[in-house]
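Hi everyone, thanks for coming. Today I'd like to walk you through how two parts of one protein meet.

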Amino acid sequence: MKKLIAASIAALAMGVSGIASAEPIKIGMITTLSGGGAGLGIDARDGFMLALKNAGDAAAEIEVVTEDDGQKPELAVQIADKMIQSDQVDILTGIIWSNLAMAVVPSAVAQGKFYLSVNAGPSPLAGALCNENYFNVAYQNDNFHEAMGQYASENYEKTFIMAPNYPAGTDALTGFKRFYGDDVAGEIYTQVGQTDYAAEIAQIRASGADSLFIFLPGGMGIAFMKQYAQSGVDIPVIGPGFSFSQDVLPAIGEAALGVKNSSSWAKDLDNEASKKFVETFQAEYNRLPSIYAAQAYDTANLIVSAAGKASVKDAEAFRAALKEADFDSVRGKFSFNTNNHPIQDIYVTEVVDEGGVLTNHIIATAFTDHKDAYAEQCQMQ
C-alpha cells in the first residue's frame with residue numbers, strides 16, 4: 001500500500017539562487033489511491049509530483065512519502081500518526097475527503113506540523129478550528145456551491161439539491177442555499193459511496209423541479225449520471241466542478257455534455273502558469289488534468305516558493321513565507337485570507353466536446369476575489 005516517491009535525492013548546493021538553505025523538507029502525502037474515489041487522489045498526487053519535477057533544482061531537497069488512505073478516516077489517522085512520529089515529516093498534505101481532513105488536521109497542527117490542503121475544505125477548519133499551521137490551497141467547501149447557487153438564482157426558479165451526507169456534502173448544500181435561498185424544490189442527503197440512485201431519481205421526477213443541483217464527487221457522480229440519463233428524466237443538471245471534473249468526464253460520457261458547473265480553474269484559463277501546467281501534465285501522464293491536479297500543483301509550488309525564503313524548521317518564518325503565496329498559480333490571481341483560505345475568482349464552466357474529448361470551458365465569472373463565509377469565526381484576524 002505504501003509508495004515512497006522522492007522528488008530528488010541529489011544534494012542541493014548552498015549557492016543555488018533562490019534557495020534559503022540546503023535543509024531537506026519531508027512531506028507526508030495521505031490521499032485516496034484505491035476504491036471509488038481513487039481518481040481524485042491519483043490526480044492530486046500526480047499534479048503535486050509534476051510541480052516538483054517542473055521546479056527542478058528548487059525542489060531538489062523535497063522528499064514526498066505517499067500512502068493510500070482508502071477513503072477511511074481511521075486509516076488516515078493511523079497513517080498521519082506514523083508519518084509524524086516515525087517518518088518525522090515536516091508537512092502533511094493530500095487528503096481529498098472532508099471527513100478524513102477533520103479526523104487528521106486538528107491533531108497534526110496541534111503537534112506543530114504544517115498541513116496544506118490540496119482539496120478538502122470543511123467549514124470548521126476555516127472558522128472556529130482555524131490554525132496558523134493550516135493552509136488551504138484549494139478552497140473552502142462552500143465556495144463552488146455558492147457560485148452555482150448564484151447561477152441558479154439567475155436562471156431557475158425551482159432547483160432540487162442533492163449531496164452525500166458528510167461534511168463536504170452539508171457544506172455544499174449550505175453554500176448553494178446561501179446564494180440561492182431556502183426555497184428549493186427538494187433536498188436529499190445520500191450515503192457516502194452510494195451507487196444506486198433509483199429512489200432519489202424518482203423523488204426528483206415527482207418534485208416539479210426545473211433544475212437539479214448535485215454534488216456527487218468521484219464514483220458517486222459517475223453512477224448517478226449514468227442512471228439519470230437512462231431514467232429519461234428531462235431536468236437539466238448543474239453542479240460544482242467536482243461532480244464534473246476531468247477525471248470523471250470520460251466515465252460519465254455524453255450525459256455530461258452541456259452541464260454547467262463551477263470551478264476556480266479550467267484548462268482554457270488564459271495565463272502562462274496554467275498553459276505550462278496543462279502541457280506538461282498531458283506530456284507526463286497522457287491525459288488532461290482535473291481541478292484536483294491543478295490544486296495540488298499549486299500546493300507543491302507554494303511549498304517550493306516558501307522553501308526558497310525560509311527553513312521549514314523555523315516555523316514562524318516558514319509560515320510567513322507560505323502566507324505570502326509568492327508563486328505563479330495556475331488560477332492567476334491567488335492570495336490568502338486571514339484564515340489561510342484562498343481569495344480567488346470562481347468561474348461558471350460548461351462541459352463540451354473538444355475534438356472527441358469531454359472537458360470544461362469557462363463561460364462566465366461567478367465571483368471575483370471571493371472569500372469564504374467563515375473567516376469571521378477564525379481567531380486569526
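So, how far apart do the C-alpha centres of domain 1 and domain 2 lie? They are 27 Å apart. Before going on, a word on the model: it is predicted, so local features need pLDDT of at least 70 and side-chain atom pairs count only at pLDDT 80 or more, while totals for chains, interfaces and linings use all residues. Residues are numbered from 1 along each chain as its sequence is written, and side-chain values use heavy atoms, with hydrogens and water left out.

Domain 1 covers 2-139 + 270-336, and domain 2 covers 143-263 + 346-375; these bounds come from an automatic or database domain assignment.

Now to where they touch. Contact, meaning heavy atoms within 4.5 Å, links 23 residues of domain 1 with 24 residues of domain 2. Together the domains bury about 1600 Å², with 65% of that on carbon and sulfur atoms. Buried area here is the accessible area (1.4 Å probe) that two parts lose on being put together, summed over both. On the domain 1 side, S123, Y139 and L288 supply 27% of the area buried against domain 2, more than any other three residues.

What about charges? There is one salt bridge between the domains, where the term asks for a side-chain nitrogen of Lys or Arg within 4 Å of a carboxyl oxygen of Asp or Glu. Please also find D369 and K333, whose side chains meet in a salt bridge at 2.9 Å, N to O.
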